[in-house]
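Please look through the sequence and the model before reading on.

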Amino acid sequence: MKALVLKEKNSLAILDLNLEENFGPDNVRIRIHSVGICGSDVHYYQFGKIGNFIVTEPMVLGHEASGTVIEAGKNVSHLKIGDRVCMEPGIPDLRSRAVMEGMYNLDPAVRFWATPPIHGCLRETVVHPAMFTFKLPENVSYAEGAMVEPLSVGLQAVKKANVKPGDVALVSGCGTIGLVTGLAAIAAGCSKIIITDMIEPKLEQAARFGMVPVNIKKQDLQSVVDKATGGWGVDVIFEASGSEAAIAGIFQPLCPGGRVVFIGMPVNPVAMDIVAAQAKEAHIETIFRYANLYPRALALLESGKINVKPLITDRFKFADAVKAFEYAANPQPRTVKIVIEMY
Ligand SMILES: [Zn+2]
């Protein structure tokens, strides 16, 4: 089948691959329709590695996908041929201790699409466990289905933050993950979202969602926070930039007893002001991907409580997938999510 293959860093091609996949009774075969390009895909393309995950053999990219069921195993009861679906890209070992303890996203043996050595889903079809495959509501498009993966990251962060009705939140970073986290926080009951970045078109996008944009190049964040909270500080901070400078001062806008969730992944270890956190008895949370949130993400899209359509800014056909990655490596500031359509 045709697939978009990263041969080594900076070298991508559409190749005809013979991928061996076992089709078991609990699996479905899916014809892929839409795949979102994630920051991690672009990072592998440009650098050939993320941390200790190193691309040593050609690997198919892509993990944010939707498609149509074209074959269903004999044990599969909740899906049938023709169903439009989206898929969780990470499959744990179902007998693992992490799964038994209710943290399947933290199984050390998880197999995650497009994380070496596991092939991703930028290809014509995939075989996938039915229990990690979710039917799209009728009013949710394939492109929105591909957005369920990043949206689930935002939902995981909001869940870990224990958001309460009326909370004021600060989101640091206005990329896809910052924006979906802001949307998830609004859906969870936050009364106000202050969101920071340095790129004006991204902040304008956030403002259209009703968030309060702060350009940290031109504006003083602390005075915006003080004004919004009567000098008390925000209840929750979502760190979605991974930036060393943002993390260095992350506790300053927080209220006493507030919560901070670290979502962004700094490229290198960074310094954090522990005393600033202690002086507020800050609750510190981290997230790694998500667990049990695809059904909730789909319910929020179906109900219209979350609208990700404005985030889908660019579409490429699969034949132009290499061009799509070249663009993704050097996008215009207005670009949020690039989606590749297989057909
Ligand atoms: Zn992703």
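## The zinc site and the cores

The zinc ion is coordinated at 2.2 to 2.7 Å by Cys38 (SG), His63 (NE2), Glu64 (OE) and Glu149 (OE), where donors are N, O and S atoms within 2.8 Å of the metal (3.2 Å for Na, K and Ca) and, with water not among the atoms, sites may look incomplete. This is a predicted model, in which local features need pLDDT of at least 70 and side-chain atom pairs count only at pLDDT 80 or more, while totals for chains, interfaces and linings use all residues. Residues are numbered from 1 along each chain as its sequence is written, and side-chain values use heavy atoms, with hydrogens and water left out.

The donor residues follow the spacing C-x24-H-E-x84-E in sequence. Cys38 lies in the loop between β3 (27-36) and α1 (39-47) and His63 in the loop between β6 (59-60) and β7 (64-72), so the pair ties together parts that are 25 residues apart in sequence; helices (H or I, at least four residues) and strands (E, at least two) are DSSP runs, numbered from the N terminus. Both Cys38 and His63 are buried, that is, under 20% relative accessible area, with exposed over 50% and partly exposed in between (1.4 Å probe, protein chains only).

Two separate nonpolar cores, sets of buried Ala, Val, Leu, Ile, Met, Phe, Trp, Tyr and Cys residues joined through side-chain atoms within 4.5 Å, are listed here.

| Core | Size | Residues, among them |
|---|---|---|
| Largest core | 50 residues | Leu151, Phe238, Ile263, Leu311 |
| Second core | 40 residues | Tyr45, Val55, Ala321, Ala324 |
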